[in-house]
Amino acid sequence: MKSISTALALIASVEAGLRFPCSTLTFQRLDPVVEPGNTPSAHVHHIVGGNAFNASMSGDVGNQASCTTCQMSEDFSNYWTAVLYFKHPTNGSYHRVPVLPVQPLLGGSNGAQGGITVYYTQFDLSRDNIKQQPIKSFQPGFRMTVGSPTATSKQHVGLTYQCLTGNSRGRETADFPDKPCTGGIFTTHHFPACWDGKNLDSPDHQSHMFFTKRTDGFTNAPACPSSHPVRVPQVTYETTWDTSKFNSMWTSGAPNPFVWSFEGGKGFGTHADYMFGWKGDSLQRAMDKSECFYDGCGSITKQAMATANKCTVPDRINEETVGWLSVLPGQSK
Ligand SMILES: *[C@@H]1O[C@H](CO)[C@@H](O)[C@H](O)[C@H]1NC(C)=O
Ligand SMILES: *[C@@H]1O[C@H](CO)[C@@H](O)[C@H](O)[C@H]1NC(C)=O
């Protein structure tokens with residue numbers, strides 16, 4: 001089936017949904033979803049999106065921001081993950097791993113600086129299926145997380161690592177690569193796409209959503225269950241961590257030296273946060289369009305990444321997050 005749908009996509013060029021770059025907005029210890037009001041939050045995050053980002057966020061974010069690092073200029077959402085650090089195998093010091101713009105398999109990064117590539121798909125990468133199943137936009141105030149920093153084993157599909165070498169992204173794995181990756185480490189976070197239709201959030205930031213994907217990749221999900229009957233966009237983040245300058249310090253045969261900003265155990269603690277902030281009905285307009293090449297058929301406006309790159313937020317924590325650091329910010333040795 002996979003090869004058939006890929007072939008159809010190439011012939012008809014009907015890639016569905018949205019895919020766009022968002023440059024890095026900031027690296028800070030803030031987390032308005034899991035730890036609202038905490039300055040600082042527990043661990044460092046890599047954040048992209050609108051400039052309403054702050055220690056706590058409420059109300060209609062799309063009306064509060066005035067700029068965004070995302071290519072879609074009506075998207076003032078915030079997207080964030082933990083940050084990858086290199087832990088020196090012999091002296092134990094930490095250095096933050098730089099982020100490179102993702103080079104999507106079709107098309108370039110359009111001048112993004114670092115950042116995350118964001119997807120909102122309706123069904124899978126090549127079909128939208130919206131006649132069978134319309135997609136409802138997230139509502140103002142909506143937020144969610146996927147994954148957990150405390151996980152010590154594989155949680156579910158869709159939270160993956162790939163070892164970039166040459167032209168290959170390699171296979172998707174649930175834990176960090178076990179050998180140096182010349183092109184960096186590629187991380188993917190797929191969010192759940194079934195909503196309970198009532199709650200903009202939940203105490204664990206996850207139970208208002210239901211995860212239906214059963215295999216890695218951009219595969220179509222089974223139908224939503226009656227507990228979470230509303231199909232919302234399938235949100236996915238891709239990040240390229242430029243590990244190249246650390247690879248020579250990864251001594252041959254030594255275990256993986258990369259850790260998340262909360263360190264944790266292995267790579268299973270990979271997680272991501274989402275704060276909805278599209279202006280007005282812009283996301284709904286895009287999701288109602290059929291057979292668009294990742295851009296909503298012109299239903300939403302784009303900005304040059306040179307403009308997006310000018311969007312900033314203040315540093316509210318003012319601590320060194322790059323390195324070499326003897327302790328990760330917020331962590332005890
Ligand atoms: C951000 O939060 C701080 C308090 O942590 C507050 O002083 C500031 O006004 C907020 N900024 C915006 C733009 O809401
Ligand atoms: C650990 O090694 C790195 C790379 O050589 C170096 O820059 C850093 O200062 C070292 N840390 C300590 C505590 O010696």
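A residue is taken as buried if 20 or more other C-beta atoms, placed from the backbone, lie within 10 Å of its own, as exposed if there are 12 or fewer, and as partly exposed in between. On that count, 46% of the 333 residues of the protein chain are buried. The structure is a predicted model, in which local features need pLDDT of at least 70 and side-chain atom pairs count only at pLDDT 80 or more, while totals for chains, interfaces and linings use all residues. Residues are numbered from 1 along each chain as its sequence is written, with chains lettered from A and ligands numbered from 1 in the order in which they are written.

The protein chain holds three helices and 18 strands (DSSP runs numbered from the N terminus: H or I of at least four residues for helices, E of at least two for strands). Its radius of gyration, taken over C-alpha atoms, is 19 Å, close to the 20 Å of the globule rule (2.2 Å times the number of residues to the power 0.38) for 333 residues, so the chain is as compact as a globular protein of that length.

Turning to the strands, five of them form an open sheet in the order β2-β3-β4-β17-β9, with antiparallel pairing (two strands pair if DSSP finds at least two bridges between them).

Finally, ligand 2 is surrounded by His88, Asn91, Ser93 and Trp324 (C-beta atom, placed from the backbone, within 6 Å).
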